[in-house]
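Dear colleague,

I am passing the structure on to you below, and after it you will find notes on what turned up in it. Please read them with the model open beside you.

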Amino acid sequence: MEQQVLWQELIELVKHEVLPALGCTEPISLALASAVATKYLDKNSISHIDAYVSPNLMKNGMAVTVPGTSMVGLPIAAAIGAIGGDAEAGLEVLNKITPKQINQAKALLKEQKVSVQIANNNTTIYSEANIYAKGDHVRVCIESSHTNIILIEKNGEVIFKADNKTQKESKKESIITHMSVKQIYEFATQSNFDDIKFILHSAELNDALSQEGLRREYGLKIAATLHKQTKTGLLADDLLSKVIIRTTAASDARMGGATLPAMSNSGSGNQGITATMPVVVVADYLKSTTEQLARALILSHTIAIYIHSKFPPLSALCAASTAAMGSAAGMAWLLGKGQYEPVEMAICSMIGDLSGIICDGASNSCAMKVSTSVSSSFKAVLMALNRIRVTGKEGIVCDSVEASINNLGAIVSKSMKTTDTQIIDIMSHKI
């Protein structure tokens with residue numbers, strides 16, 4: 001494929017995978033299904049809501065705060081989506097909810113009019129909202145990605161039915177399958193700046209979320225705790241600490257219910273934060289130009305998409321760890337003065353370090369995994385700058401960075417399926 005054509009398709013791919021998202025994308029997916037359903041009936045006369053979600057979506061929706069509501073879980077997501085959701089806003093479906101609507105949604109829950117159960121469906125991402133009002137019943141199903149509506153029915157009559165696979169999803173697979181880390185590096189460092197500067201919006205959104213996380217204490221207050229200890233001397237106020245604190249602050253805020261959007265990556269706000277903030281912090285430290293920041297960010301986000309394409313969209317692996325491999329690439333490019341080798345070496349070392357961190361559902365503790373992941377990425381970058389990496393003789397890491405990534409993908413796609421089932425079983429017994 002001609003290079004310019006390939007690069008343009010990569011740009012389209014990044015624009016498709018790096019999107020603003022308000023709140024954790026799993027409960028937001030259900031909120032969107034509810035919002036779309038109430039387009040076709042009277043939302044002020046809802047009698048009850050029955051929702052069904054895939055096991056992985058249940059796992060990621062059980063313990064996360066829904067923005068603006070101060071409540072956790074999928075039932076409030078389904079209710080507020082139905083009452084106040086903007087059906088046209090995609091992952092920002094809850095961007096216009098009001099206190100009155102939040103109270104109406106909470107009343108539905110108090111009256112036990114909202115039910116969320118695990119669906120009899122093998123799709124990793126699946127959310128279904130059934131809204132009943134004044135004798136009408138609207139059913140909306142989302143499948144494969146968080147905003148991919150596949151079915152709308154009213155009183156048993158099909159209003160909309162999509163194909164099983166969208167053209168965009170097919171394009172994603174065909175582009176990513178045949179890429180290499182070196183090709184992505186060349187795309188990020190050589191493509192026209194005007195074509196990639198859109199990625200700077202990820203820095204704007206995620207940095208604003210980070211600043212919010214530092215202004216107020218959200219979730220487990222991880223960033224606030226670490227920041228406090230830089231004042232006492234228990235933690236150094238150095239570049240590593242800044243990378244961890246500013247990245248974790250954004251995750252704290254997002255998982256703690258802040259009403260600011262994150263720029264997501266591969267359907268996850270935490271992945272977007274992790275791919276963005278370490279690069280932003282290092283660029284600030286180096287006083288990098290706007291173009292340098294944009295190239296480092298496009299490298300980070302595209303690498304994160306590339307690695308994530310090797311396994312299911314939701315799995316037993318914490319994807320913040322693989323997004324941090326993207327930010328390791330971006331930081332290595334900035335600190336390594338544009339050289340390719342540190343990029344490759346940092347990714348390999350991270351695979352040797354973080355290959356087993358599990359995902360046990362979206363919650364406030366996700367910010368801890370984010371802080372762990374970016375700490376590993378910074379360490380891997382420092383090693384790479386000194387021309388040190390986990391070698392191909394150690395563990396699942398190979399001499400080739402692509403082979404190392406593929407090995408990680410194989411473990412997640414095959415062996416960790418059992419782990420995922422066990423995690424979901426443990427969590428389901430806590431309901």
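In this predicted model, the largest nonpolar core holds 86 residues, and those that touch the most other members are Val181, Leu299 and Ile347. A nonpolar core here is a set of buried Ala, Val, Leu, Ile, Met, Phe, Trp, Tyr and Cys residues joined through side-chain atoms within 4.5 Å, where buried means under 20% relative accessible area with a 1.4 Å probe and protein chains only. Helix α13 (residues 290-308) gives the most to this core, namely 10 residues; helices are DSSP runs of H or I with at least four residues, strands are runs of E with at least two, and both are numbered from the N terminus. Apart from this core lies another, of 45 residues, which includes Ile83, Leu94, Ile102 and Ala105.

Leaving aside residues up to four places away in sequence, Leu299 has contacts (heavy atoms within 4.5 Å) with Ile184, Tyr185, Ala188, Ala329, Gly330, Trp333 and Val343.

Turning to the strands, β7 (residues 136-143) pairs with β8 (residues 149-154) in the antiparallel sense over five bridges, pairing being counted if DSSP finds at least two bridges between two strands. Arg139 stands opposite Glu153 in β8, and in the hairpin of these strands, with five residues between them, Ser144 takes a positive phi near 80 degrees.

β8 also pairs with β9 (residues 157-161), again antiparallel, over four bridges, with Glu157 in β9 as the bridge partner of Lys154. Two residues lie between β8 and β9 in their hairpin, and Asn155 in the turn has a positive phi of about 50 degrees.

Residues are numbered from 1 along each chain as its sequence is written, and side-chain values use heavy atoms, without hydrogens and water. Local features need pLDDT of at least 70 and side-chain atom pairs count only at pLDDT 80 or more, whereas totals for chains, interfaces and linings use all residues.

Best regards

Terms used: Buried means under 20% relative accessible area, exposed over 50%, partly exposed in between (1.4 Å probe, protein chains only).
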